[in-house]
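Reader: I have a fold to look at and a few questions. Can we take them one at a time?

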Amino acid sequence: MNQMNTNANTELAKDYIAKRKIPQLFEALITGLMVHKPEDHVDFIIESLTRYKDGNQQLKWDSFIGRKGGMNNVLLPLKKTTNTNATSLPSSLHTDLARPPKLDAIPSGKRDEPSKIEDQPQRTTNHVEHVKNQATDMKELLKGKPIIFVGGGPGSGKGTQCEKMIERYGFTHLSAGDLIRAACQDSVTEKGRYFNDAMTQGKLISTEDILGLLKDAIHEKANEASGFLIDGFPRRVDQGVQFEKEVAPCDVLIYFDVPDEIMIERLTKRGETSGRIDDNQETIAKRLVTFHEQTTPILGYYGKQGKLITIDANRKPDEVFVDVTHALVDLVDQKQVVLEPKPALDKLKNKKIIFVVGGPGSGKGTQCERIVQQYGFTHLSTGDLLREAVQSKSERGEQLNALMKEGKLVPMEVVLELLRDNMIAKADGSKGFLIDGYPREVPQAKKFEEMIAVCNLVLYVKASDATMTKRLLHRGQTSGRVDDNEETIKNRLKTFHDQTFPVLDLYEKQGKLAEVNSELAPDDVFIEVRGALDKLA
């Protein structure tokens with residue numbers, strides 16, 4: 001009787017497989033993989049099956065190879081749709097594809113043992129509640145820490161930019177590929193054996209498994225990280241949705257945009273020394289086709305949410321990073337990211353730092369010269385530093401020159417870098433620093449103290465608008481400066497007051513504000529200046 005049931009089950013199974021043309025389906029998939037050799041075989045299979053399911057095409061051995069007259073050995077793109085989850089599969093099909101199919105012999109009276117790698121525990125109500133609680137805990141843990149998805153094709157330079165963001169902001173960089181490779185090398189734990197077996201046997205790594213690795217890494221580093229750069233994930237829209245549901249919302253997706261021909265050129269050049277067999281033009285071109293097919297829906301999805309930042313990465317790395325810092329200013333301020341102090345800044349620990357504030361024509365330049373002579377301070381003017389950087393023709397100078405020619409504002413972080421680098425370079429021979437022309441706004445003051453050092457005193461060289469106007473008009477008679485006219489001076493003074501008064505209020509509340517009367521003769525003004533500085537000793 002048992003033998004009869006077994007034979008019946010076998011025939012039913014064979015009939016099921018034959019009617020659904022499952023052997024032909026696997027043959028077509030394997031043929032497609034052999035021809036295209038995609039970098040991400042998982043996404044290739046999922047997209048091929050989606051195209052086959054949606055297209056109602058006849059299944060042949062070459063169904064997943066480009067047709068003559070079509071895209072010349074390239075899979076056709078998925079149909080356009082307004083659905084932001086266009087690249088995701090129905091949940092039932094996705095579940096079937098998330099784990100590799102089991103192709104053991106059809107049973108003959110003996111029950112199969114469950115596969116340790118493939119089988120998942122039954123999802124009970126308690127399990128679902130546990131997952132929800134974990135997601136809530138993770139979101140609490142990540143409050144105030146930016147979550148940044150990093151995108152860009154092979155050879156786009158996103159790795160270099162991640163390194164620069166790590167150095168600048170202290171972000172933690174998590175690469176999905178690196179996490180999987182690290183897990184495979186761990187032969188001690190059950191998780192390590194799971195991934196090692198899966199990769200050795202050519203089995204698929206599901207979204208859930210990759211998410212598990214990311215969640216573990218984020219949880220482990222959350223306390224010390226100021227934010228996270230997630231690289232190589234998501235590769236599909238549904239993966240991004242699942243990440244945001246189970247981990248935390250993505251704040252921005254930074255996409256490093258480089259033309260295909262430039263990426264091919266960069267990778268080909270790398271191949272001359274890397275020894276990587278996939279760094280050849282034919283393979284690179286195929287990788288880029290796959291990359292664009294995967295990436296376009298993701299860019300559209302986050303673009304609609306206003307979370308997409310596209311950076312022109314076909315430039316020198318430092319030029320690209322200027323745009324990155326500019327793009328992240330609001331996010332860093334909003335999340336109140338605290339930047340880690342650099343060891344070189346230890347040179348500034350015992351140096352007095354004085355912000356010198358005064359309107360145009362207030363005479364602050366004259367007072368700075370006298371402070372330098374009497375106290376041995378170093379005078380740094382942000383305007384002078386920017387002009388010197390441009391005139392130096394250095395890489396940074398060329399970047400600044402390009403920004404100024406385009407009429408763009410120099411990012412606050414770039415100005416701060418100039419100040420910081422000059423202060424560190426001159427620290428050994430200086431007793432302190434006079435920072436002239438900075439800060440002009442409260443956010444600049446806060447960022448200076450965050451990135452460099454705390455200000456000890458704000459010296460306000462105060463003169464009336466009438467006095468400053470009179471002095472500037474007198475200067476204009478010999479200076480030849482086109483902005484030394486009454487209308488322009490009036491506008492400059494209004495801007496000065498609007499920007500500077502909040503800064504003065506901020507430091508007055510901290511007891512760090514000293515005002516000197518610049519209506520007096522320069523010698524008399526300096527007597528008041530000395531009175532303020534001597535209190536710092």
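Reader: Of the contacts in the protein chain with a separation of 6 or more, what percentage comes from residues 24 or more positions apart?

Author: This is a predicted model. Its protein chain holds 21 helices and ten strands. Among contacts with a separation of 6 or more, the share from residues 24 or more positions apart is 77%.

Reader: How many residues does the protein chain have, and what percentage count as buried?

Author: Buried means under 20% relative accessible area. The chain has 537 residues, and the part that counts as buried is 43%.

Reader: What should helix α12 span, and how far apart are its end C-alpha atoms?

Author: Helix α12 covers residues 281–304, which is 24 residues.

Reader: Where in α12 does a kink lie?

Author: The kink is about 30 degrees and comes shortly before the proline Pro297. Buried residues of α12 include Gln294, Thr295 and Ile298. Just after the helix, Gly306 takes a positive phi of about 75 degrees. The kink itself lies at Thr295.

Reader: Which residues meet where α18 and α20 touch, and how many of them are charged?

Author: From α18 come Val442, Ala445 and Glu449; from α20 come Pro502, Val503, Leu506 and Tyr507. By class, six are nonpolar and none is polar. The number of charged residues is one.

Reader: Is Leu504 buried or exposed?

Author: Leu504 is found in helix α20. Leaving out residues up to four places away in sequence, Leu504 touches Val357, Val458, Tyr460 and Leu513. Tyr460 is 44 residues away in sequence, yet the C-alpha atoms are 8.0 Å apart. The relative accessible area of Leu504 is 6%, so Leu504 is buried.

Reader: Why does Thr172 count as buried?

Author: Thr172 sits in strand β2, residues 172–175. Beyond neighbours within four places in sequence, Thr172 is in contact with Lys221, Ala225, Gly227, Phe228 and Leu229. The cut-off for buried is under 20%. Thr172 counts as buried because its relative accessibility is 14%.

Key: Residues numbered from 1 in each chain as written. Predicted model: local features only at pLDDT ≥ 70, side-chain atom pairs only at ≥ 80, totals over all residues. Heavy atoms only, no water. Helix = DSSP H or I, 4+ residues; strand = E, 2+ residues; numbered from the N terminus. Expected span 1.5 Å × (residues − 1). Bend = angle between axes of the 7 residues up to and from the residue. Buried < 20%, exposed > 50% of the residue type's maximum accessible area, 1.4 Å probe, protein only. Contact = heavy atoms within 4.5 Å. Nonpolar A, V, L, I, M, F, W, Y, C, P; charged D, E, K, R; others polar.
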